[in-house]
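Dear colleague,

Please find the structure below, followed by some notes on what was found in it.

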Amino acid sequence: MAKIKKLTRDLATEFEPCSKLEDLNLDVIKNSKETKEKFVTDSFSQRHENSSVPVHEIIFSAVDKPKLLSQLSALLSDIGLNIREAHVFSTTDGYSLDVFVVDGWPLEETDGLYAAMEKAVARSEGSWSHSSNSHSAVAKALAAEGKSGDWEIDRRSLKIGEKIASGSCGDLYHGVYLGEDVAVKVLKSGQLNDALEDEFTQEVAILRQVHHKNVVRFIGACTKCPHLCIVTEYMTGGSLYDYLHKNRNVLELSQLLKFSIDVCKGMEYLHGNNIIHRDLKTANLLMDTHNVVKVADFGVARFLIQGGVMTAETGTYRWMAPEVINHQPYDQKADVFSFSIVLWELVTAKVPYDTMTPLQAALGVRQGLRPELPKHGHPKLLDLMQRCWEAIPSSRPAFNEIRVELENLLLEVENNLEANGA
């Protein structure tokens, strides 16, 4: 359900936040894990500083579900609207209130805008709806990929233990399968729809085909709806994100380079097999007992036909390439941009754009914003970082080139340490 209200404002005046949302008698959850982050765009989105244009407030009330904000944002963008503010609230009974302040509709009247939105929603609702054949869709899709006898897991043989992490569409658990410690990604049955089942199918199809020491090892999957889950090796070292930001580890240059080279090797292998990850970030880079880093979480990864491009926005805003944010065609060089942010994170031990909301960061990146270069970083590393986050994708190096540069730098650093008797 959507409600539209006309707002007439001078765009030279700073927008006020929607402070009266609580008057709607929603049980708004504040400061808890269930609350979606409140996004407020900043001055990057101001396009007409000294003019008055019609501004509208659009409120969506819907059942809360994964990627709802992204879907609604794309819908508004498709009908030519510019989002100036976005506020998201979740209620205790599973609903979401998404409030947008937009311009771009030339008329003050709202009837035409409402009609345009109704058509846009009608075009999109098929891909948003729950699957009517969910019990067979996944099985059929995976059957088309080949026999599942060697990797189909009997749920009764799988012991699920403590929860490691929780996401919008699934949870990650520490488990045991045939005596081996494993990680179990369990999709929430109540959240299943066509899009999530497609992601699950794609993830299993990709994991079945990848075998590399720097890519998390696939063990098997349960494909019987509604109990869908993916089982991979258990990475005892946790994620690089936790290692840096929760454990507050500051990396020595040699260790930083080893981590980076591991990531490059994994990504070089994936790109060599025409796979684009699309969500490369430190949270998806896991360590084993020997501190070997492996690329993980292929939930939004896709096979890329040779020479092909993609346009769908997916990934995580703080690590997302500008061409992806802008809904422009993109290829594997989008992963290289994400790697540059990972590299910056390893050097600084900071969260990228930590003073901004994710949406503010995205709006900045699309207009040329990049993280501030650390003063203490190695010059060669900083130069590589900047080439990897170039705005023009073709100007970014490929992972095989990046790996060679990093290996040469590591050799140089180790030789210097040895020469200095360290």
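In strand 9, T232 is the bridge partner of A183, and strand 9 (residues 229-233) is joined to strand 7 (residues 180-187) by five bridges, the two running antiparallel. Strands here are DSSP runs of E with at least two residues, helices are runs of H or I with at least four, and both are numbered from the N terminus; two strands count as paired if DSSP finds at least two bridges between them. This is a predicted model, in which local features need pLDDT of at least 70 and side-chain atom pairs count only at pLDDT 80 or more, while totals for chains, interfaces and linings use all residues. Residues are numbered from 1 along each chain as its sequence is written, and side-chain values use heavy atoms, with hydrogens and water left out.

Strand 10 pairs with strand 12 (residues 285-287) over two bridges, and S239 stands opposite L286 in strand 12.

Finally, the buried residues (under 20% relative accessible area, with a 1.4 Å probe and protein chains only) of helix 4 include L196, F200, V204 and L207.

Best regards

Key. Buried < 20%, exposed > 50% of the residue type's maximum accessible area, 1.4 Å probe, protein only.
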